[in-house]
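The stops below follow charged pairs.

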Amino acid sequence: MKNKYLLLLISFLFIGCEEEKKAQLIQQKDIKANTELKKEVDKTYNLKTFDGETIKLTVDNNILISDKLENKLVLINFWATWCPPCKKEIPIFNEIYEKYKDNFIIIGILYEKDIDMNTLSNFIKENNIKFPITITENENFRLAKELGDVKRVPESFLYGKDGLFIEKYIGIVDEKKLVNHIKDSLK
């Protein structure tokens, strides 16, 4: 009889331990699920510009949403100061931006780490950049990850007035195609 109670007691101990292990596994899975859910939900970006403005946008399922960018075509351009093709695009972007600024905006996403703000200021002045440049490093790189894991510059993403993704440009943006997209949106 004592052996039965002892056996029963031992089996409860092992079952209890097993249940504790299951509880720990469930808790670990919950933590992982919450982390993944937070990544899913956290698709809003607060991009501080060099001029001190903040552009708040959300990108989800290839749709760009932003109150400030509503009813405009949006070109999100990842670039760096050390990149020759990026520098080559600036005069083209300035011209297009000035000509179509009521219907089109370029957001220059600085894809560069640890840049000195004086260096950036000089670069912006020397190149007469007319469109907003974002400088919030962690948000810039987080957005790059969201938009297909940008790894090289220049890389650009065009969104329509409705926020729908239109086209991705790797390398220098095709000026004629970009202008045609803008003109088509004006019809």
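A salt bridge here is a side-chain nitrogen of Lys or Arg within 4 Å of a carboxyl oxygen of Asp or Glu. This is a predicted model, in which local features need pLDDT of at least 70, side-chain atom pairs count only at pLDDT 80 or more, and totals for chains, interfaces and linings use all residues. Residues are numbered from 1 along each chain as its sequence is written, and side-chain values use heavy atoms, with hydrogens and water left out.

Searching the whole structure gives 10 salt bridges.

Select Lys43 and Glu146. They form a salt bridge, with 3.7 Å between the closest N and O atoms. Lys43 sits in the loop between helix 1 and strand 1 and Glu146 in helix 4 (residues 137-146), so this pair ties together parts 103 residues apart in sequence. Helices (H or I, at least four residues) and strands (E, at least two) are DSSP runs, numbered from the N terminus.

Asp60 belongs to strand 2 (residues 54-60), so the pair joins parts 17 residues apart in sequence.

Now colour by accessibility (buried is under 20% relative accessible area, exposed over 50%, partly exposed in between; 1.4 Å probe, protein chains only). Lys43 is buried at 11%, while Asp60 at 32% is partly exposed, as is Glu146 at 28%.

Last, select Glu155 and Lys168, whose side chains meet in a salt bridge (3.2 Å, N to O). Glu155 lies in strand 7 (residues 155-159) and Lys168 in strand 8 (residues 165-170), so the pair ties together parts 13 residues apart in sequence. Glu155 is buried at 3%; Lys168 is partly exposed at 35%.
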